[in-house]
Amino acid sequence: MSKGGISVDKMQPSGGVLHTKSAMRPTWLNRIFAATYLTSIFALLFHHCRNIISTTDSTTDRTTTSITIIMLVADLVLAFMWTTRQAFRMSPIRRQVFPENLTVEESEYPALDVFVCTADPYKEPPIGVVNTVLSLMAYDYPTEKLSVYVSDDGGSQLTLFALMEAAQFAKRWLPYCKDNNILDRSPEAYFTSHANFSPAKHNQIKVMYERMKMRISNVVKRGSIDGYVPDEEAPKVFAKWNSTPGFTSQNHPTIVQVIMETAIEKDNGNLMPNLVYVSREKSKFTFHNYKAGALNVLLRVSATMTNAPVVLTQDCDMFSNDPKTPLRALCYFTDSKMDPNLALVQFPQSFHGIDKDDIYSAELKDLIVHNGSGMDGLLGPSYMGSGAFFRRNIFFGGPGSYIPAQSSEISPRHVGNKSLNSEEVMTLAHRVAGCNFEAQTKWGSEIGFRYGSLVEDYNTGYRIQCQGWRSVFCTPVRPAFLGSSPITLHDMLNQSKRWCKGLLDVTFSKYNPLLFGVRYMKNFIQAICFGHYAFWPIWSIPLMIYSFLPQLCLINSSHDIFPKVTDPWLLLYVFLFLGSYAQELIEYVTYGSTAKRWWNNQRVWMMRSISSFPFALFEYIQERCGISSFGYNVTSKVLESEQSKRNAEGIFEFGVPSPLFVPITMAAIINLWALVRGMKLVILRNESLEDVFVQMFLSGFGVLNCWPMYEAMLLRKDKGKMPLKITLISTSLVWLVYLVSSSAF
Ligand SMILES: O=c1ccn([C@@H]2O[C@H](COP(=O)(O)OP(=O)(O)O[C@H]3O[C@H](CO)[C@@H](O)[C@H](O)[C@H]3O)[C@@H](O)[C@H]2O)c(=O)[nH]1
Ligand SMILES: [Mn+2]
């Protein structure tokens with residue numbers, strides 16, 4: 001088992017090309033547009049400033065001046081975000097790989113350690129974890145070189161039980177997949193897409209799968225494994241839970257369980273990959289660094305066992321959708337002509353079960369594919385948390401500067417040759433998964449996945465690029481992985497809130513990309529890309545202003561906020577608005593999405609900006625001041641049937657009385673109010689449409705975006721409608737805001 005011994009860099013392909021890259025679109029066109037747009041931005045800012053000067057000179061009241069200043073702030077932030085966003089548009093590229101041209105012998109493939117993280121058996125059902133694990137174990141990759149490590153931050157017997165079941169099932173499933181050349185290697189995906197398929201062998205396996213699923217679901221429903229004994233070893237394994245008084249997910253000793261070991265499992269002459277369960281030690285007195293902490297424990301535990309030179313990180317819901325994926329990564333890792341500083345091959349995250357028009361913008365086309373391809377033309381995409389093949393050694397220092405780990409057994413150079421279950425290996429594995437192992441070490445700061453941010457992926461990707469590593473983006477036509485995405489609005493907003501807090505962690509640290517990145521990164525534009533993310537939360541400033549201020553002005557009969565329709569300056573607004581919207585739309589469609597999905601994406605961007613982002617800031621401040629601590633809210637992967645049904649029909653799911661809904665409900669009410677008020681002014685009071693047109697247009701645009709909100713508040717009867725409580729709170733707050741505003745006007 002000298003898996004650690006093979007160096008990834010030394011293999012030489014001969015024959016056809018392994019990968020190509022090409023520029024994505026006429027960048028010159030893009031640059032001309034950018035220059036024109038930028039000029040218009042400056043013109044607009046000039047216009048604003050002139051307005052402010054003229055209003056302060058004359059007798060204009062204070063309110064008008066303040067409004068003009070606030071609008072200037074909004075436009076300044078929009079201009080900043082637009083400008084930093086151009087970094088992604090400077091040189092997007094598309095890559096292709098040709099795994100069929102790999103000439104390296106299978107026996108020369110590097111070993112691969114796969115890391116799967118899970119954290120909560122109730123939000124992340126063990127059957128989902130099992131499907132992910134099985135799909136990865138079934139990779140078309142030399143079995144003896146493949147190991148799957150599962151980190152369970154939930155410290156749950158249910159998850160371990162499910163994995164033990166999976167191991168039994170794998171003995172039939174893996175050979176079945178390989179013999180029949182099946183593409184869907186997650187059994188759930190396979191049996192769903194082959195519902196009417198019925199050869200005897202297929203049916204036999206299907207029955208086995210259904211039985212396993214039933215056993216796992218029963219155990220989860222009861223919350224305990226009592227009564228179910230998968231094999232004679234089981235009682236000993238689960239004794240660890242029972243023998244520890246006060247065992248909780250937040251307080252328990254290390255559990256490392258080798259569920260299956262390559263060298264031993266040879267049922268039917270089939271070799272099986274290693275499968276190891278790890279639940280790191282937890283204590284109330286130590287901070288665990290969430291997923292980054294879990295991944296670092298896996299880095300070390302796997303080092304004591306197989307120490308593969310290539311590691312793949314996966315979320316527990318991201319199952320493999322293509323068994324040849326590791327070979328695609330090898331196209332880069334085994335190419336001797338490739339930049340030696342290549343650290344990771346990132347596959348985009350793709351999702352299954354998204355409704356046709358993607359109301360929650362779960363596809364994340366702009367963030368993942370657009371921005372990924374944009375950065376790929378610079379130093380490479382950021383690490384995206386899942387679907388990333390890393391070279392293990394990059395976790396131990398920058399190119400050419402090796403930082404030794406505190407013991408040689410966990411260094412990437414260590415060659416393990418003992419049985420995983422041997423006492424020596426197990427003792428060490430338990431030790432490196434302990435709470436205090438990292439105390440006073442460089443883990444999380446210079447070694448391993450980086451700590452200090454809730455978005456450990458962005459943070460780690462950014463920091464390793466600052467050290468000089470780079471990455472490539474691999475976007476095969478058939479998605480390499482498929483995962484689940486939030487199916488309720490609350491989950492979606494909550495997830496963006498967490499991302500946003502994670503970004504703020506980086507923004508307000510010494511590693512802020514616009515201060516640190518621009519100095520240390522090899523590419524200035526790349527630093528701007530990371531900077532754009534770091535400032536993602538400030539979208540909330542202009543969006544809050546544009547969703548409320550012009551509307552309040554209209555309600556209070558104040559119309560000096562925008563140029564009149566006849567004023568040529570208005571053309572600037574029109575160009576800036578249409579220009580950026582059209583550009584995004586074109587990009588959305590070019591990257592293989594639809595216009596309706598783009599429309600929904602811009603709505604979600606607004607919702608996030610006025611809800612998740614301000615809440616994130618608020619929580620972030622509370623945490624920094626030590627007032628409260630919110631932790632990591634794991635996204636639920638449970639598919640509740642009614643919710644899924646509404647989701648499939650593209651109906652928004654409110655349902656729970658979440659404070660996150662308050663700002664968007666307020667925006668919905670104010671925009672409708674302003675629109676009605678505007679119409680009344682024009683129709684009944686003969687106000688000239690010219691004066692109020694822009695404000696009415698904005699309110700109308702708001703109303704159009706808020707359409708599902710009115711339905712949810714007034715028309716719907718199902719469980720996913722807007723809770724009355726939120727409607728009442730929002731209405732009262734709108735009234736309050738109105739009273740305050742009317743006293744100012
Ligand atoms: O303390 C923790 C918290 C989370 N997780 C795992 O982290 C993964 C991601 O969590 P999830 O709740 O699904 O977060 P998402 O926001 O959906 O995940 C996206 O965003 C994360 C943070 O940026 C990335 O880590 C993920 O890869 C990316 O898919 C899951 O497998 C969890 O089990 C842990 O292992 N330990
Ligand atoms: Mn997720």
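## Asp-457 and its surroundings

In this predicted model, Asp-457 touches Tyr-383, Met-384 and Gly-385, when residues up to four places away in sequence are not counted. Asp-457 itself lies in helix 12, which covers residues 456-466. Because 24 other C-beta atoms are found within 10 Å, and a residue counts as buried with 20 or more, Asp-457 is buried.

The unreviewed UniProt entry lists Asp-457 under "active site", together with Asp-153.

## Asp-153, the other listed residue

Asp-153 is placed in a loop, which runs between strand 4 (146-152) and helix 4 (157-179). Is Asp-153 buried or exposed? Asp-153 is buried, because 25 other C-beta atoms lie within 10 Å.

If neighbours within four places in sequence are left aside, the residues in contact with Asp-153 are Ala-119, Ser-249 and Ala-294.

## Where helix 16 meets helix 22

Elsewhere in the description, a pair of helices can be followed. The axes of helix 16 (residues 540-555) and helix 22 (residues 689-715) come within 9 Å and cross at roughly 130°, which means that helix 16 is oblique to helix 22. The crossing of these two helices is left-handed.

On the side of helix 16, the residues that take part are Tyr-546, Ser-547, Pro-550, Gln-551, Cys-553 and Leu-554, and in helix 22 they meet Val-692, Gln-695, Leu-698, Ser-699 and Gly-702. Sorted by type, the residues of this contact between helix 16 and helix 22 comprise six nonpolar and five polar ones, with no charged residue.

Notes. Residues are numbered from 1 along each chain as its sequence is written. Chains are lettered from A and ligands numbered from 1 in the order in which they are written. This is a predicted model: local features need pLDDT of at least 70, side-chain atom pairs count only at pLDDT 80 or more; totals for chains, interfaces and linings use all residues. UniProt positions are given in the numbering used here, feature names are shortened, and annotations may be inferred rather than shown by experiment. Helices (H or I, at least four residues) and strands (E, at least two) are DSSP runs, numbered from the N terminus. A residue is buried if 20 or more other C-beta atoms lie within 10 Å of its own, exposed if 12 or fewer, and partly exposed in between; C-beta atoms are placed from the backbone. Two residues are in contact if their C-beta atoms, placed from the backbone, lie within 7 Å. Axes are lines fitted to C-alpha atoms, for helices over the stretch in contact, and angles run from 0 to 180 degrees between N-to-C directions. Angles under 35 degrees count as roughly parallel, over 145 as roughly antiparallel, 65 to 115 as roughly perpendicular and the rest as oblique. A crossing is left-handed if the near helix is turned anticlockwise from the far one by less than a right angle, and right-handed if clockwise. Ala, Val, Leu, Ile, Met, Phe, Trp, Tyr, Cys and Pro count as nonpolar, Asp, Glu, Lys and Arg as charged, and the others, Gly among them, as polar.
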